[in-house]
Amino acid sequence: MARILIVDDEPMMCESLKLLLGGDGHHVHAATRVLEAMELLNSQDFDLVLLDINMPEMGGLQLMDHIGGRHPEVFVVMITGRASVNSAVAALRKGAFDYL
């Protein structure tokens, strides 16, 4: 099963995705703050990060730089409720596997 990290500043989104993916047997962790996500990434191995592009402390694109530099084997899927062509292009250029 996959090891998944959900990073979203909306706790309900984190819990919903955690229940959905955890119910399928995946090992799922969630973080509502970027610093919390960085701590988890540095202390555990993940296969996939579902990352909100709009975070209050640091943007999801900035966290992608951290992930790409220290954990290049991790797949990142950007998620957002405020999609734009510019943010999609920026995320994919930084190495996002997909953009939802």
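User: What makes the five strands an open sheet, and in which order do they stand?

Analyst: In this predicted model, the strands (DSSP runs of E, at least two residues) form an open sheet in the order 2-1-3-4-5, with parallel pairing. Strand 2 (27-31) and strand 5 (98-99) stand at the edges with a single partner strand each, so one side of each has no neighbour in the sheet. Local features need pLDDT of at least 70 and side-chain atom pairs 80 or more, while totals for chains, interfaces and linings use all residues. Residues are numbered from 1 along each chain as its sequence is written, and side-chain values use heavy atoms, without hydrogens and water.

User: What does Leu51 touch, not counting residues up to four places away in sequence?

Analyst: Contact means heavy atoms within 4.5 Å. By that criterion Leu51 touches Val7, Gly60, Leu63, Met64, Val76, Val77, Met78 and Ile79.

User: Why is a set of residues called a nonpolar core?

Analyst: The name applies because its members are buried Ala, Val, Leu, Ile, Met, Phe, Trp, Tyr and Cys residues joined through side-chain atoms within 4.5 Å; buried means under 20% relative accessible area (1.4 Å probe, protein chains only). The largest such core has 23 residues, of which Leu5, Val7, Val49, Leu51, Leu63 and Met78 touch the most other members. Helix 2 supplies its largest share, five residues. A second, separate core of nine residues includes Ile6, Cys14, Leu17 and Leu21.

Terms used:
Two strands pair if DSSP finds at least two bridges between them. Helices (H or I, at least four residues) and strands (E, at least two) are DSSP runs, numbered from the N terminus. Buried means under 20% relative accessible area, exposed over 50%, partly exposed in between (1.4 Å probe, protein chains only).
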